[in-house]
Amino acid sequence: MSDLETRPPTAEAATGLKRNAIGTGGIAFLVISAAAPLTVMAGVAPVAIGIGGIGAPMGYVIAGVVLLIFAISFMAITKHVKAAGGFYTYIALAMGKTVGLASAIVAIVSYNCLQIGVYGLFAVQTQAMLHTLFGLDVPWPVVALVAIAAVWFLGYRGIDVGAKVLGVLLVAETAILAVMGVGILAKGGASGISFASFSPEHAFTPGVLAILAICFAAFMGFESTVLYRREARNPDRSVPRATYIAVGFMSVFYAFIVWTVVQAYGDGDVVAAAGELSDGMFFATINHYVGPWAEVVMYVLIVTSVYASQLAFHNAINRYVYMLAKDGVLPAFLAKTHPKYKSPHRAGQIQTILAAVVILICAVVGADPYKQLLIWVNTPGIFGIVGLQGLVSVAAFLYLRRNPAAVTNRLLIPLSVASAVLLFGVAVLIAVNIELLTFADDVTNIILLLVAPVVFLAGLLIARKLRTTRPAIYARIGSFETHES
């Protein structure tokens, strides 16, 4: 047993989250949906191809391998500590409550940046779909506000309802991508099938290294599996399984789809096509190789893909806020769950209001929904989450070193070190190549990069103040339950 304070499981009987609500599949659906496979492929993969060339598929493989190494070290802690507070509980356990609280605040800010920013993409994609299919022109703020209400409603109804909806939407969006990929291969691509994308001279070029930020962004949200621990059936098995399934599936699927698109235009012409067609590349591809009907379906499903991502991130944010309220750091009313649905509905209401306020401000100042709302708001979130992944890897190393009994395989400690080095290296690559994400000026890029570090520093100061002024609250930071032994 750890010497940290534990909370009896019965303490939440009246106000806790719904137990045994989802299994491995439901958790996997939640976190893969957060990544929005169709959206990151149709909306962002053309940029990756344009910069990384025909080696772009390997960028997703590299990202998947690094995140798999991270997952192994991350899951090594979850086998020995029952925690539903996400990253911050594990960081608090191994690195102290001050760093833990700072990490929690960074996580909340980062996930909100990812979730709220994507409303800009939802608005743009839905506008395009409504105009293309029905000839309607709807103002983007109206679309975004309707989406916010729809996300709030399913989040309010509980995790099991949300998981079922996300499962259906995820199957549909991956299916349409798979249909496109199979259609390309069935027709032999533009000039026969080539595997040059995976050869060393194309797979490890400076261009592929430059797009790693884009590739890692395609996996955002997979690490939130641990947030659903208290609602999972047999969490000791379902949480790790869902994590590995999510990383493995996304890595292989992304690489496969991008490789098939390379085949659709040919090794020599795909970069030019990506530059010319931009975010219309996937729609033109599926129209040519499958048919106009498939393009229409893709227009519809990319909207549901973004919605699924919004709902998944909404659920993750709510559970971070819920756990911080349980620990006493945030107001107690946020730690209450709905009497019927057992959802953290009050945390959901706050997140919904925040999203609506940001959308309204952007509308008033005339911000571009794609460039300013999506790209600029998302970037600090991506940088923050990758940084937190690196911190969790350090926490895993420290925990395993202090608890030899938890080292069930001699590779765990070296893998945790490798994970930390690789992820902090990725954070550096994101900073160096940030203009590939933002297309902004230097001052804007510096501001975007400073958001996560400044929030982390503020979190450290808040934690230190709590330690001296409210020691009882400070002592509860990062509360968890250890396994019975």
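Which helix does Gln-310 lie in? Gln-310 belongs to helix α14, which covers residues 292-326, where helices (H or I, at least four residues) and strands (E, at least two) are DSSP runs numbered from the N terminus. The structure is a predicted model, in which local features need pLDDT of at least 70 and side-chain atom pairs count only at pLDDT 80 or more, while totals for chains, interfaces and linings use all residues. Residues are numbered from 1 along each chain as its sequence is written, and side-chain values use heavy atoms, with hydrogens and water left out.

**The chain as a whole**

- The chain contains 20 helices and 2 strands, and its C-alpha trace spans about 65 × 50 × 45 Å along the principal axes.
- The radius of gyration, taken over C-alpha atoms, is compared with a globule rule of 2.2 Å times the number of residues to the power 0.38; for 485 residues a compact globule would have a value near 23 Å, and the 22 Å of the chain agrees with this.
- Of the 485 residues, 60% count as buried, where buried means under 20% relative accessible area, exposed means over 50%, and partly exposed lies in between (1.4 Å probe, protein chains only).
- Among the contacts (heavy atoms within 4.5 Å) with a separation of 6 or more, 84% come from residues 24 or more positions apart.

- Gln-310 is buried, with a relative accessible area of 0%, and, leaving aside its neighbours within four places in sequence, Gln-310 is in contact with Leu-114, Gln-115, Val-118, Tyr-119 and Val-151.
- Ile-91, found in helix α4 (residues 87-95), is also buried, with a relative accessible area of 0%.
- The C-alpha atoms of Ile-91 and Ala-395 are separated by 5.4 Å, although these residues are 304 residues apart along the chain.
- When neighbours within four places in sequence are left aside, the contacts of Ile-91 include Gly-96, Val-99, Leu-388 and Leu-391, and Ala-395 is one of them too.

- In helix α12 (residues 270-277) the buried residues are Val-270, Ala-273 and Ala-274. They lie on the same side of α12 because they cover an arc of only 100 degrees around the axis, the arc being that of the directions from the helix axis to the C-beta atoms.
- On the other side of α12, Ala-272, Gly-275 and Glu-276 are exposed.
- The buried residues of α12 pack against α2 (37-52), α11 (235-265) and α13 (281-289).
- Within α13, the residues Met-281, Phe-282, Phe-283, Thr-285, Ile-286 and Tyr-289 are buried, and this helix is followed by Gly-291, whose phi is positive, near 145 degrees.

- Most residues other than glycine have a negative phi.
- Ser-278, which follows α12, is not a glycine and yet has a positive phi of about 55 degrees; Ser-278 is found in the loop between α12 and α13 and counts as partly exposed, at 38% relative accessibility.
- Phe-439 likewise has a positive phi of about 55 degrees although it is not a glycine; the place of Phe-439 is in the loop between α18 (435-438) and α19 (442-469), and at 58% relative accessibility Phe-439 counts as exposed.
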